[in-house]
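The report below is meant as a guided first look.

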Amino acid sequence: MSDRSADVVIVGGAAMGSSTAFFLKHEMDFAGSVLVAERDPAYLRASTSLSASSIRLQFSTPENIRLSAFGVEFLRSMGTRFGPESDPRLHEGGYLIMAGPGGEDLLKENISIQRNEGADTEFYSEAGLRERFPWINADGVSAAAFGPNREGWFDPTALLGTLRRQAKTAGTHYLHGDVVAIEVANGKIEAVRLADGSRIVCGALVNAAGPNAGRVAALAGVALPVEGRKRTAFVVHCRDAPAGLPLCADPSGVWIRPEGAYHIAGWTPSEPEDKAADADDFEPELSEFEDHVWPALARRIPAFEATRMIRAWAGHYDYNTLDQNGIIGRHPEIENLYFINGFSGHGLQQSPAAGRALAELIVHGTFKTIDLARLGYERIARNAPLREHNVL
Ligand SMILES: Cc1cc2nc3c(=O)[nH]c(=O)nc-3n(C[C@H](O)[C@H](O)[C@H](O)COP(=O)(O)OP(=O)(O)OC[C@H]3O[C@@H](n4cnc5c(N)ncnc54)[C@H](O)[C@@H]3O)c2cc1C
């Protein structure tokens, strides 16, 4: 069997991989060949499919605000650009982020960064919160931030389906295959090997392997601090839920937002409890509902005391253990190895802008629209975190 080859080989064809391919082939008319190797073409275990698919501008890192702002613009335009079946039904219901005791200063700092970036995040004192959202029990909340515009949720399948379809139409080749080895010679990626024994010679290699990105990087002898962290999402029914609920994030790490006739909710464990997930473990952590989600909801939004859990699913965050920020860029020594990894729970909304940025780097050798130099691999190599404080 003779080797295949492609100018750009992308490992992983979900949101990040397909966005990179879309921007290369569809938006930038990249003349080279682009091949996406995807081991799970139905995306049953991809973070992209298992996401809570929400979008916000409320971050503490300016780059994240810019990435998500482009995400909103992209999502808003999809139905018009690509047809009604591509409409991701973006619902801009807003995000309400509540700070616990002692959290007010950081919240204010974050709001100031967001406003500098053009976001219209509103600040609420405890009393102001009670007045603006009368269905909230504000006990234990020191202050809150509410983003009324460009924040909400959308359909992840429409986003992935459209990026993939348009990337294919523009000439990207998708291959069903599991990348199990990477050949490096003379400081360059030469080829990847698939589980079926076939070999693909690479001009450049993009690691878009989501929670598996750390393992894929290790195949090239490269350390990448990205691992899967299990997150369970609960679908809940509440007969008397307040109408027009935004996404509410409680200081306890519990969040909830509307989803059709129901709501979805989850909990973010903090560091000592949060461990790397077994790659094959997609069993929902049902105990989290009784132990964390329901008590926090019943306390914060008393209408949710009478709540029924309908079902639950689990997925893996593509968790960057260094600083919970995305890693976008080129390896400083292996110059044809690119990363688009580690978005730690905010990757879906950033996939259009991240894919565009990486395509710019591949085609032009530099970022053209959003300067993402600070999110590059160099900070990983230097062990110099650029920490994101608003990780939900
Ligand atoms: C429960 C949950 C809630 C979330 N909520 C949000 C949210 O509200 N908003 C938001 O923006 N983000 C959210 N995220 C995060 C977001 O879903 C991810 O950051 C994003 O989808 C990452 O996209 P990706 O393409 O990098 O990874 P994935 O979607 O995981 O795709 C990686 C792909 O690579 C393939 N792959 C891996 N290894 C190999 C290999 N060796 N060979 C071939 N193929 C390979 C996999 O099969 C997979 O399809 C959430 C995630 C979870 C799990």
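What follows goes from the domains to the ligand, then to the sheet and a few single residues.

This is a predicted model, in which local features need pLDDT of at least 70 and side-chain atom pairs count only at pLDDT 80 or more, while totals for chains, interfaces and linings use all residues. Residues are numbered from 1 along each chain as its sequence is written.

**Two domains**

Let us begin with the overall division. The chain splits into domain 1 (4–51 + 157–225 + 323–382) and domain 2 (90–152 + 227–317); such bounds come from an automatic or database domain assignment. Taken over C-alpha atoms, the centres of the two domains are separated by 30 Å. Nine residues of domain 1 are in contact with eight residues of domain 2, where contact is defined as C-beta atoms, placed from the backbone, lying within 7 Å. On the side of domain 1 that touches domain 2, two residues are nonpolar, six polar and one charged. Here Ala, Val, Leu, Ile, Met, Phe, Trp, Tyr, Cys and Pro count as nonpolar, Asp, Glu, Lys and Arg as charged, and the others, Gly among them, as polar.

**Around the ligand**

The ligand is surrounded by 39 residues, and the closest are Gly12, Ala14, Gly210, Gly315 and Gly347; a residue is near a molecule if its C-beta atom, placed from the backbone, lies within 6 Å of it. By class, this shell has 18 nonpolar, 15 polar and six charged residues. Strand β16 gives the most to the shell, with four residues. Helices (H or I, at least four residues) and strands (E, at least two) are DSSP runs, numbered from the N terminus.

**The eight-stranded sheet**

Strand β16 also belongs to an open sheet of eight strands, with the order β5-β6-β4-β13-β14-β15-β12-β16 and mixed pairing. The edge strands are β5 (122–125) and β16 (308–320), each of which pairs on one side only. Two strands pair if DSSP finds at least two bridges between them. Between β12 (residues 226–237) and β16 there are twelve bridges, in the antiparallel sense, and Thr232 stands opposite Ala314 in β16.

Two helices pack on the sheet. Helix α4 (residues 104–116) touches β4 (95–99), β5 and β6 (143–147), and its direction makes about 25° with that of β6. Helix α8 (residues 287–300) touches β12, β14 (254–259), β15 (262–267) and β16, and its direction makes about 115° with that of β15. Axes are lines fitted to C-alpha atoms, for helices over the stretch in contact, and angles run from 0 to 180 degrees between N-to-C directions.

**A few single residues**

Tyr95 has its place in strand β4. Among the residues that Tyr95 touches are Arg56, Gly147 and Leu247. Tyr95 and Asp40 are 55 residues apart in sequence and 32 Å apart in space, C-alpha to C-alpha.

Asn186 lies in the loop between β9 (179–185) and β10 (188–194), with phi near 50°, a positive value in a residue other than glycine. Asn383 is found in the segment after α10 (378–382), and its phi is near 55°.

The table shows burial: a residue is buried if 20 or more other C-beta atoms, placed from the backbone, lie within 10 Å of its own, exposed if 12 or fewer, and partly exposed in between.

| Residue | Other C-beta atoms within 10 Å | Class |
|---|---|---|
| Tyr95 | 27 C-beta atoms | buried |
| Asn186 | 5 C-beta atoms | exposed |
| Asn383 | 8 C-beta atoms | exposed |

Note on methods
Lists of a residue's contacts leave out its neighbours within four places in sequence.
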